Amino acid sequence: MNAQQPPVLAIEGLRVEYPLANGTVFTAVENASLVIRPGEIHALVGESGAGKTTIGNTVMGLLEKPGRIAAGTIHIDGRKFDPAKGSAEGVVLGRDVGAVFQDPMTSLNPLFTIESQLTEAMRFHLKLDNAQARARALELLQAVGIPEPQRRLKAYPHQLSGGQRQRVVIAAALSCGPKLVVADEPTTALDVSVQAQILKLLRDLADQRGIGILLVTHNMGVVAQIADRVTIMHRGQVVETGTTEEVLRRPKAVYARALIGAVPRIDARLDRFPVLGEEGKGRAEQARTELRARAERSTQTADDTPILSVENLCVDYNTSGWLPGSKGHRFRAVDGVSFSVRRGEVFGLVGESGCGKTTIANVVSGLVRPTSGQVLYRGRSIAGEGAVRRIGPLRQAIQMIFQDPYSSLNGRMRIGSILSEPILFYRLAGSKAEAESDVARLIEAVGLDAEAAQRFPHAFSGGQRQRLSIARALGARPKLIVCDEPTSSLDVSVQAQILNLLKDLRDATGLTLLLISHDLAVVRQMCDRVAVMRQGNLLEQANAETLFERPQHPYTQELLSLVPTLDRIRGETRAA
Amino acid sequence: MLKVLLSRLGQAALVMLVVSAVSFVMFRYVGDPVATMSRENASVEEKAELRRSLGLDQPLIVQYGRFLGRTLRGDLGISYRNQRPVTELIAERLPATLELVLVATILSLALGIPLGVLCALKPDGAAARLVQALSLVGISTPTFVTGIVLILVFAVSLGWLPSFGRGQVIDLGWWSTGLLTASGLKSLLLPGITLALYQLTLIMRLVRAEMIDVLSSDYIRFAKARGLPKRYIHFRLALRNALMPVITVTGLQIGSLIAFAIVTETVFQWPGMGLLFIQAVSFVDIPVMAAYLLFVGLLFVLINTVVDILYAVVDPRLRARSA
């Protein structure tokens, strides 16, 4: 659209290297080129380790040592980037190049007010005095759509919600009128509805202020919604580049096609998740077969007896008041929720953050006590009124997979000990040797090498760790697994493998899954029945197909309409 | 918030009760006071009379009750050795110790924080390596060795500074200060450095570790991405975050500095509370020992309570959580 204007960012033949301790060199980015013109949003897509964030950091001069630019040139606003200085002549980071980071919870300093963090760059770069800077900060907060900006200026970051913080971060990035904004996964940590607002904000900024935006992301839906052009990267190489429509609709490179194919679809349910490359090498497949064979075989995979029923569940969180004995503030996280999960079923619980879905998961696994109501497992109360103590078989039957694979594995234990713990604890193996072979089988079943047992968690990537925590949950041979956002930290290809594994186990052994997720596409692919929650209330529950095809509740309809999908590509809607 | 405060105060009172019980028990079991107080050839009747007049014939619980009552009124007994009220002795010695601790704390903060920042910013620089190595020496050398070496160098060989005592002091009401005279200040220097050395290395290492942590955080990366000047990022933004735990540690350390200035005070014959305690130990002056125990217990309980409350005041996030 602005083909005549000079580009705000031009990268040519960029190579970024990290010299390693053993004398070899790791090439993070190889021969990458891209051009961004004013008002253009250019998406840089790829899985973790593809080198997309490295490019973003290099442009901002934030390349971590010992990384270095080994070849190629970068021009920002027509000026050549000097690798030695980490910036281009006459281009000031923060004034001409703005940055938006992934996690709004951590990108603002908790000890300083919003005003201080918004105005400091203006005071340094534009030499504004305090009053001028404050006036401009007010304008910016209004521009990014923060209510009551006057009051928010004096607030501390923890007093704002995640979406509001990300708006503040964007306001800070815009404060000095940049020509280029580097946005690294700007909406990954946000809810769908907030994500939709932030994406619209970014698009408006590009359209109205003519800012060029380098959007680093792994979410194809986001790309489809707001990007003008796309570059797909794989292992440091650019595999495909072009307009959003060309790349998403008619990808040429094999990898690009596979990556786009692996995005979970929200519009139709498939039998299995399409997987990048060949799935399950021989050993992994064999291990899974063994796992299936060992598990208790059931004739019916899904029958009508509920394995888990939640009845009128209420959970209050109390905060203490000023005086002893005073009531204080009470927050009702879950408000009279009832549902039941059948044996062999995948039951989905969806909703935005703060809706109470994780609280329910915690009650089911026994980590939180309900205020009223009860949870029954096979007709026996396990939480709330008349709850039996969870001992032995009952604890073994219900296992949990947590969201964050970085904090859910003990960093000081070897993988082997972590995985054999439940096996030995529940006496599922006759001897230590037997437990070890069980562990090896579990590790292979989740697609890793059995020698992983000898290593510590830090030796594995996020996706690998999550697979190990799934292996740990499976090790107890549970009947019901509570999965709290099991794949939200994973790349699409790994996500597909893991979800397929869970599906297989369900089909083969009658395993029941309570899947908690905010990713509606994953829910559609995985779940038989789905319940939608908002602010502690259960709004709607239905068969997955019914819910996605004919949502009844307005909130469900709104949620579904907000999910960025590949069907709605920006270039196309414009043409239409 | 008030609930938190009240429960903290309740806990503090409980701890003090236990401490007072321990110091009361000292009177019972560290020798019989009647035997120490009466003449060698006193008759049994004389001893019994003395026992009655001291209230030692009452049941234990009554004696403890009386002891508590006296303590609460500020009457800690009379020193066996000096024959003066213990409260008076402590009040007399307190300024010397407090001034020493004040100087030591200021020294350790004034040097420890900048050195810690230096080590965090340039971890591979020659200066940082030297400081790190020296800090290892500082943290592993016993206080009495440091003190004696300092005396040897600066008092004996060079003759620049006095090796013992407080020098000339000026009385301001009941407080005697050595901070206003040249000889008082000179006398403060060596014991101050000796006492500060351990805390200095502790603070330096803490600041360094915290600073390295903070510098790799997202909000500092975001500050860099906004192109803010390095000095501003390091000293205004990052340092403030890094100093949070230093507040706690310094607070707690002031307590132990006061309580354990004993060694330094002994080496430099500093007329503070530590020296008072050491002298009391060698003369089995139980009232003084018991009072010292009570005092140190009170000090620690007070400091811990204040630090707990301060933390909630300083960190806006904690304020929200406890409110």
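Let's start in chain A. Leaving aside neighbours within four places in sequence, A:Leu180 is in contact with A:Val8, A:Leu9, A:Ile36, A:Ile76, A:Asp96, A:Val97, A:Ile211, A:Gly212 and A:Leu214. Here, two residues are in contact if their C-beta atoms, placed from the backbone, lie within 7 Å.

Before going on, a word about what you are looking at. This is a predicted model, in which local features need pLDDT of at least 70, side-chain atom pairs count only at pLDDT 80 or more, and totals for chains, interfaces and linings use all residues. Residues are numbered from 1 along each chain as its sequence is written, while chains are lettered from A and ligands numbered from 1 in the order in which they are written.

## The nonpolar core

A:Leu180 is also one of the residues with the most contacts inside the largest nonpolar core, along with A:Leu214, A:Leu514 and A:Leu515. That core has 227 residues. A nonpolar core is a set of buried Ala, Val, Leu, Ile, Met, Phe, Trp, Tyr and Cys residues joined through C-beta atoms within 7 Å. A residue is buried if 20 or more other C-beta atoms lie within 10 Å of its own, exposed if 12 or fewer, and partly exposed in between. In soluble globular proteins, nonpolar side chains tend to be buried together.

Which residue lies 6.3 Å from A:Leu180, C-alpha to C-alpha, while being 82 residues away in sequence? That residue is A:Gly98. A:Gly98 sits in strand E7 (residues 97-100) of chain A; helices (H or I, at least four residues) and strands (E, at least two) are DSSP runs, numbered from the N terminus. A:Gly98 counts as buried because 30 other C-beta atoms lie within 10 Å. Apart from residues up to four places away in sequence, A:Gly98 touches A:Ala173, A:Leu174, A:Pro178 and A:Val181.

## Partly exposed spots in chain A

A:Asn31 is partly exposed, with 14 other C-beta atoms within 10 Å. For A:Arg235, phi is about 50°, and its place is in the loop between strand E10 (229-234) and strand E11 (237-243) of chain A. A:Arg235 has 15 C-beta neighbours inside 10 Å, so it counts as partly exposed.

A:Leu62 brings chain B into the story. This residue lies in the loop between helix H1 (52-59) and strand E4 (68-76) of chain A, and it is partly exposed, with 17 other C-beta atoms within 10 Å. Not counting residues up to four places away in sequence, A:Leu62 touches A:Asn57, B:Arg221, B:Lys224 and B:Ala225.

Chain B contains 15 helices and two strands, and its C-alpha atoms fill a box of roughly 90 × 60 × 35 Å along the principal axes. Of its 323 residues, 32% are buried. Its domain assignment gives domain 1 (2-72) and domain 2 (86-322), with bounds that come from an automatic or database domain assignment.

The C-alpha centres of these two domains of chain B lie 34 Å apart. Where they meet, 16 residues of domain 1 are in contact with 13 residues of domain 2. Helix H1 (residues 2-29) of chain B supplies the largest share of the domain 1 side, 13 residues. That side divides into eleven nonpolar, four polar and one charged; Ala, Val, Leu, Ile, Met, Phe, Trp, Tyr, Cys and Pro count as nonpolar, Asp, Glu, Lys and Arg as charged, and the others, Gly among them, as polar.

A straight helix of 34 residues would span 50 Å, but H8(B) spans only 43 Å between its end C-alpha atoms. The expected span is 1.5 Å times one less than the number of residues. H8(B) has a kink of about 40° centred on B:Leu197, where the bend is the angle between axes fitted to the seven residues ending there and the seven starting there.

Helix H4 (residues 60-72) of chain B reaches 18 Å, close to the 18 Å expected. Of the 13 residues of H4(B), the number buried is one, so this helix lies largely in the open. Just after H4(B), B:Gly74 takes a positive phi of about 90°. Helix H11 (residues 244-259) of chain B reaches 24 Å, close to the 22 Å expected, and its buried residues are B:Val246, B:Thr250, B:Gln253, B:Leu257, B:Ile258 and B:Ala259.
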